[in-house]
Amino acid sequence: MQDNDAYVREVHDKGLRFDLPAMSRRRMFGVAGGVGAAAVIGGALAAGGTDPALAACLAEVESETAGPYPADGSNGPDVRVRSGIVRSDIRSSFGTSTTTAPGVPLQFSLTVQNLSCGLVSGAAIYAWHCDRAGRYSLYSSGVTGENYLRGIQVTNSSGVATFTSIFPGCYAGRWPHIHFEVYSSLAAATSGAGPIRKTSQIALPKDVSQTVYASATGYSASVTNLSRISLATDMVFRDDLAAREMATVTGSVANGYVANLTISVNL
């Protein structure tokens, strides 16, 4: 395995090359979409006195780049179509390897609602993130034979999909985050055909991340990487400072953490 400094440069450099074109497209569409959303919300409030909670539902979660390591068939392997990908505990690889990614336990949940505040059951979430060393399974040096920290779950009757994982590391140039794609059904997610209804990311709070990185084994590089990035300078979250993407996180290093985020999606 290559040294950590060389690794994080590889991740950061490749990530920028892959991510910047997507970010440019996002900004182009985001300007138009943002104006339209503001008009809808403003009109609703003016005409019908819609309460702030409904206005929040109307504000769809921001679309973000999938980055260079999605394993959804758009850039290399497609793990979504493999037997074993539908699971709630994503800490271990499945198939030919059963390696478990070490790290501080993290259970994260996404609650999915439509743009009318209705909870969406039966939607599928494909989630993935880096390990504590900042590496992505199937792509990064040393873990190309692993597929850990990737999985698909279906939202229950309360619109919730939950994953058992580890707290991701912070690699050079990116704020701590978790990637996800939303599909209308499990069949759409696992067929390889889609379509993907939403691609976005979950941001993790700075104070919790700092505590994990400073206290837990294996996160030492993340201490320096996090000190060199902010929401305002992050290439993904800086557009909106993670307004609708910041998770609420509780817990401790000793007992593990629980993260929750409610998102609105046009399903």
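**Rings and core**

I started with Phe167 and found this residue buried, at a relative accessible area of 0%. I kept in mind that this is a predicted model.

Then I asked which residues touch the most other members of the largest nonpolar core. That core has 41 residues, and Phe167 is on the list along with Phe108, Ile125, Ile202, Val212 and Ile263. I noted the elements that give two or more residues to this core: strands S1 (105-113), S2 (124-128), S4 (160-166), S5, S6 (198-203) and S8 (256-264), plus helix H4 (206-215). Another core, of 18 residues, lies apart from it; Tyr69, Ala124, Trp128 and Ala189 are among its members. I jotted down the general rule beside this: in soluble globular proteins, nonpolar side chains tend to be buried together.

**Aromatic pairs**

I counted eight aromatic pairs in the structure. How do the rings of Phe108 and Phe163 sit, stacked or edge-to-face? Their centres are 5.1 Å apart and their planes are at 20°, so I wrote the pair down as stacked.

Next I took Phe167 with Tyr213. Here the ring centres are 6.0 Å apart and the planes are at 80°, which makes the pair edge-to-face because the cut-off for that is over 60 degrees. This pair also links distant parts of the chain: Phe167 is in the loop between S4 and S5, Tyr213 is in helix H4, and 46 residues separate them. I checked Tyr213 as well, and this residue is buried at 2% relative accessible area. I also found Tyr69, Tyr136, Tyr139 and Tyr171 linked into a cluster by ring pairs.

**Val182**

I moved on to strand S5 (residues 177-183), where Val182 is found. Val182 has 0% relative accessibility, so I put it down as buried. Beyond the residues up to four places away in sequence, Val182 touches Ala124, Ile125, Ile196, Arg197, Lys198, Ile263, Val265 and Leu267. I looked at Lys198 again: 16 residues from Val182 in sequence, but 5.0 Å away in space, C-alpha to C-alpha.

Val86, Val154 and Leu186 make a nonpolar surface patch of about 190 Å². Val86 lies in the loop between helix H2 (52-58) and S1, and I logged Val86 as partly exposed because its relative accessibility is 41%.

Notes: Residues numbered from 1 in each chain as written. Predicted model: local features only at pLDDT ≥ 70, side-chain atom pairs only at ≥ 80, totals over all residues. Heavy atoms only, no water. Helix = DSSP H or I, 4+ residues; strand = E, 2+ residues; numbered from the N terminus. Buried < 20%, exposed > 50% of the residue type's maximum accessible area, 1.4 Å probe, protein only. Contact = heavy atoms within 4.5 Å. Core = buried A, V, L, I, M, F, W, Y, C linked by side-chain atoms within 4.5 Å. Patch = residues over 30% accessible without salt bridge, like charges linked within 9 Å, V, L, I, M, F, W, Y side chains within 5 Å. Areas by Shrake-Rupley, 256 points an atom, 1.4 Å probe, with all protein chains shown as cover. Salt bridge = Lys/Arg side-chain N within 4 Å of Asp/Glu carboxyl O. Phe/Tyr/Trp six-rings, centres within 6.5 Å; stacked < 30°, edge-to-face > 60°.
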